[in-house]
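Here are my notebook entries for today.

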Amino acid sequence: TNAVLIRAEQFFNAKQLSLEAQLASTRPGPFQWIAGLYHLNNDSSGYIPVSLLFQNPEGVPLTSAPLIGVNVFPFLRGTGGNRFNKADLRSFAVYGQGSYEFSDQFKATLGLRWTEDKLNAVFSQVPYPVLGALPPTANSARFREVTGRAALEFRPAEDILLYAQASRGFNVTGFNAVSGVGPVPITPEIIYAYEGGVKSAFADGRVVLNLAGFYNDYQNLNQ
């Protein structure tokens, strides 16, 4: 008997524009700082044609004709269905970080960042046989997060550095395409990252020894 194969292809296009402005301290001293603004525009579009193929038991394709009907939209690549999607991301962030040297041996750093991400998506599909395209489905989402980093550094000797740091970050990935529902926002990933270690050099820098330990705690990990 013949088998039915489903072939899906994906064509993707994306444009991105990012802008950033920074202010930083320039005078020498125990306190150093940097602050800035960040903006990102990311526009993407995709086309996913799906074709239905007949295949005989020997694995030789017999025809690429669809199972039923006539393709009244021959300019579309998919004989089993054609999905179109468009998404855009607008991201804005304000951030600042400061470091203070309490002595030649001890320094502390603290940084904070506020981010707002706005996402919009529109999905549409022309099914086969074409009885009229499915109406486009749209969705939008907005996420606001505060992230940051805190770090401590200690130098018991000129060529030895002990350090420890903790940070919180997040990542927005976009939408899932759910059949019959449309674009569904994906919950952003959150990570709490911890690191500690030592960096050292010996024999006038000819020998380097670095040790580090990591621990990452993910929430809403997207796989």
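Entry: I began with Phe102, which is exposed at 53% relative accessibility (buried means under 20% relative accessible area, exposed over 50%, partly exposed in between, with a 1.4 Å probe and protein chains only). Phe106 is partly exposed at 31%. I work with a predicted model, where local features need pLDDT of at least 70, side-chain atom pairs count only at pLDDT 80 or more, and totals for chains, interfaces and linings use all residues. Residues are numbered from 1 along each chain as its sequence is written, and side-chain values use heavy atoms, leaving out hydrogens and water.

How many aromatic pairs did I find? The count comes to 5 (rings of Phe, Tyr and Trp, its six-membered ring, pair if their centres lie within 6.5 Å; planes under 30 degrees apart are stacked, over 60 edge-to-face, the rest tilted). Among them, Phe11 and Tyr47 are stacked, 6.0 Å centre to centre with 20 degrees between the planes. They sit 36 residues apart in the chain. Tyr47 is buried at 17% relative accessible area, while Phe11 is partly exposed at 38%. Phe102 and Phe106 make a tilted pair, at 5.4 Å and 35 degrees. I also noted that ring pairs link Phe11, Tyr47 and Phe84 into a cluster.

**Entry: confidence.** I checked pLDDT, the predictor's confidence in each residue, from 0 to 100. The chain has a mean of 83, and 78% of its residues reach 70 or more. Residues 59-72 stay under 50.

Notes. Contact means heavy atoms within 4.5 Å. Helices (H or I, at least four residues) and strands (E, at least two) are DSSP runs, numbered from the N terminus.
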